[in-house]
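I am opening a notebook page on this chain.

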Amino acid sequence: MSSELDTVFAALADPTRRSILTMLLEDDMAVTDVAEPFEMSLAAISKHLTILSRAGLIAQEKRGRVKWCKLQPDAMRSASVWMQGFGQFEPVNLDAFERFLASELDDNPSAP
């Protein structure tokens, strides 16, 4: 399980790969369409796709002469379950915290 998580998180660590996954949320895409918005070579995009595929985050299949990419969202399940373990803490409401600090500073004019 740890090795799987390491592979998934390593794949998700790169912003280009996260962008590719976001694009694939919409629909399956040909590799050339995936590469289009990025200013990098098709070979570089192929390396990113290989990493995503090895992590199980996408599947690639050849349809005729075109290679297609499809999101595999179930592959993120173990990572999601692991991260939910940290959900035991209440999220910090920064607006409320800022109001609290402002009121404390207003009540105590000698504070720095």
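How many helices and strands does the secondary structure of the chain come to? I count 6 helices and 3 strands, where helices (H or I, at least four residues) and strands (E, at least two) are DSSP runs numbered from the N terminus. I note that this is a predicted model, in which local features need pLDDT of at least 70 and side-chain atom pairs count only at pLDDT 80 or more, while totals for chains, interfaces and linings use all residues. Residues are numbered from 1 along each chain as its sequence is written, and side-chain values use heavy atoms, with hydrogens and water left out.

Next I looked up the strands, which pair if DSSP finds at least two bridges between them. Strand 2 (residues 58-63) pairs with strand 3 in the antiparallel sense over 6 bridges, and Arg63 stands opposite Val66 of strand 3. The hairpin of these two strands has 2 residues between them, and there Gly64 takes a positive phi near 70°. Strand 1 (residues 29-30) is also antiparallel to strand 3 (residues 66-71), over 2 bridges, with Trp68 as the bridge partner of Ala30.

Then I turned to helix 2 (residues 15-26) and helix 4 (residues 42-54), which pack at an angle of about 75° with their axes 10 Å apart. Helix 2 is therefore roughly perpendicular to helix 4, a term for angles of 65 to 115 degrees. Contact (heavy atoms within 4.5 Å) is made by Thr16, Arg17, Ile20 and Leu21 of helix 2 and by His48, Leu49, Ile51 and Leu52 of helix 4.

Notes: Axes fitted to C-alpha atoms, helices over the stretch in contact; angles between N-to-C directions. Parallel < 35°, antiparallel > 145°, perpendicular 65-115°, else oblique.
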